[in-house]
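Welcome! Here is a short briefing to read alongside the sequence and the 3D view.

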Amino acid sequence: MALSGIEIFKHLPKTNCKDCGFPTCLAFAMKLAAKQASLEDCPHASEEAKAFLGAASAPPVRKVVIGAGEAACTLGEETVMFRHDKKFVNPCAYAIELADNDPGLDQKIKQIADFKVDRVGEDYGVNLIAVRDASGDGATFTAAVKKVVEGAPSVGIVLASEKPEILQAGLGAADGKRPLVQGATPENIDQLLPAVKDKAVLVVSASNLDTLAELAEKAVGAGVNDLILDPLPANAREAVERFTIIRRLAIKKNFKPFGYPTFMDARHDDPQVEGALATVGTMKYASVIVLSELRAWEMLGLLTGRLNIYTDPQKPMQVDQKVYEIGNVNGDSPLIVTTNFALTYFIVAGEIENSKVATRLAVQDVEGLSVLTAWAAGKFTASKIAEFIKESGVESKINRKEIILPGYVSVLSGALEDKLGGGWKVVVGPREANQIPQFLKARAS
Amino acid sequence: MAVEILKENYTGKVITVEVGTGDKAVKVGGASALPFHTFEGDAGHRPLIAYEVLDALPEDPPDALQAELGAVWDDPVKWALYCQNDLKARAVALRLVSTDPDGQDASPESAAETVKKVLDAIDVPLIILGCFKEAKDGPVLKAAADAARGRNCLIGKAQEENYKTIAAAATSNGHKLIAFSNLDFNLAKQINILLSQADFDINNVLVDPTASALGYGLEYTYSVIERIRAAGLVQNDAMMQPPMFLDLAAVVWKIKEVKASEEDLPEWGDRSERSIHWEASTAISMLMAGAEILVMASPRAVQAVEQTLDQLMG
């Protein structure tokens, strides 16, 4: 729950000592309310104030970290229901489940450890491996967990069993790795709590929401604070409904038992349905999503969807300013200029690829605005385009000094020719990207 | 402990629109809560997935669809019948790509002929889409609307430059209309207001807020849909209550992720499975945000989405 500056002020020392760097306690309180300062900046805050303000300023969904070191994966801390209100904070984690007695275990662990895909210049991989106690045997389970610890150091571990003795053995093998233990049920929670305390994150599961809240409270009562909630949805509708109910109560009512990340088992016999179910979870508030197998095509799609949904809606996605070469360009390849809004770039570059005409695409940094918006904001002007083109050095790579301008800013063509000078010619291209293939093909023939 | 579920107080409702005639007519819309939130309201009618049928094949149709559709896609009647009879399509979306002035530039009359032939062959609802070039779509969709008179089709997409022609043709022939706007909440509202001012009944409109493929601006479409739905249900904004139409097939099948072969990009996995997943995952995202009608191309992608819809509506 957000506190006002006045409410915070009541708990400060009111000495105006300035040790926090602000002129008065009230000014500091206002900064705290706006989340532009931290209570740690006040050396004189009482323990009572720290406890009160700490609890009040804690995010409604607790931050939970699974894994340690390079495998660490942060979940939770969400503050809104809709991404158009504010950025979703911590992307969901995808887990691949492996049976502890799978004869191909070593190979599968290696594949998961090695898997990575590049999206918009960054590498993404699988976050977690879930080891399932298919054997029912503690020694087999422990051996499998050890293989994951050694074979996939950058991937977190889920210990999947409902048997306390098997989980206990698994916890020993994953010591210091802060695994996710999946998990606690009304039947086994009393035995599990002492075993996981300070060592692991615990999934509590119950299909009845009342029972789920009781399990969460019981865990916290036993000092196990890092929890993941699994409301055991039997189908996609229950997943949407239960994850929505949980997140809404956490965020709008600060209902503590539901203030944790969530867990969804998306496994399905049909890989395409599994991909669809995992998409449901990605969009609708699941924090850990379990898949049955590593399939490159499925991970590529899910990681892309996750990246889309967790982008900051206030900050347009941008690409770097430079002259991109699409296809095997030579001195006679056409040169097109556009802006660095990621969507503009992807669509224009995609249509150039579709045209199969090798082309240079000069992408100008306009702080991530589309062509028309950038033009209206005075960031995509004749002089700025000319300056970028000259500095880019593209002139030395092309035989004919000709540049294609987006149709929407045809008004700039005369001025751009003047600013470029030196025999440059400006050609007005199409207004919409989907007309680029036609335009480039006609031009090439 | 008893958990007190927090329910949203929705004051608005999505308009129910019927397309098609007879036993095979389909209703969409009608929800009085966010998508699939049966715990706090009526989820409305099951979303409708229409199979895309092209009246002319592009020069380089997607390789990934060859295995699924290659046997029928040389002829729109054969293709539409295959969708209805073999794939059990609940609706077909005929895209009149032959009319593209930058392509074959077929006449409105020839497009109307194709519409007639397809309508003679099928009895599921038909969605009629132009080539999406404003100047040409006006006369083409007018001729198509005349040819489809009395079949309660869904025609579009009407845009700012041509909505008057298309809306008038829809009204006089008893069809529903797709109102297109370019990926912006306010523009989506504006085209509905323009249609109302032109005396077109808002109860016969489907809003197309622009589809985007996974990885290609999906998040923008997602948020525009969510905002439109919230405006209709929570703020009870009458101009934002028509059901939503998303033309996925038009955007999914031209991107790199469905086209690149496994030889070129082995780390992306099997192309056929990848492209099917791409269309299905894009579809599910749109449904989660609030879409009512989707146009899709891959039968296996449609099957995966229908199976998920069975769960969502169950």
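In this predicted model, A:L128 has A:G156 in strand 7 of chain A as its bridge partner. Helices (H or I, at least four residues) and strands (E, at least two) are DSSP runs, numbered from the N terminus. Residues are numbered from 1 along each chain as its sequence is written, and chains are lettered from A in the order in which they are written. Local features need pLDDT of at least 70, side-chain atom pairs count only at pLDDT 80 or more, totals for chains, interfaces and linings use all residues, and side-chain values use heavy atoms, leaving out hydrogens and water.

**Neighbours of strand 7**

- Strand 6 (residues 128–132) of chain A pairs with strand 7 of chain A in the parallel sense over five bridges; pairing takes at least two DSSP bridges between two strands.
- Strand 8 (residues 180–184) of chain A runs parallel to strand 7 of chain A, joined by three bridges, and A:V181 in strand 8 is the bridge partner of A:L159.

**Inside strand 7**

- Five of the five residues of strand 7 (residues 156–160) of chain A are buried, so this strand is largely enclosed by the rest of the structure.
- Buried means under 20% relative accessible area, exposed over 50%, partly exposed in between (1.4 Å probe, protein chains only).
- A:G156, A:V158 and A:A160 point one way, while A:I157 and A:L159 point the other way.
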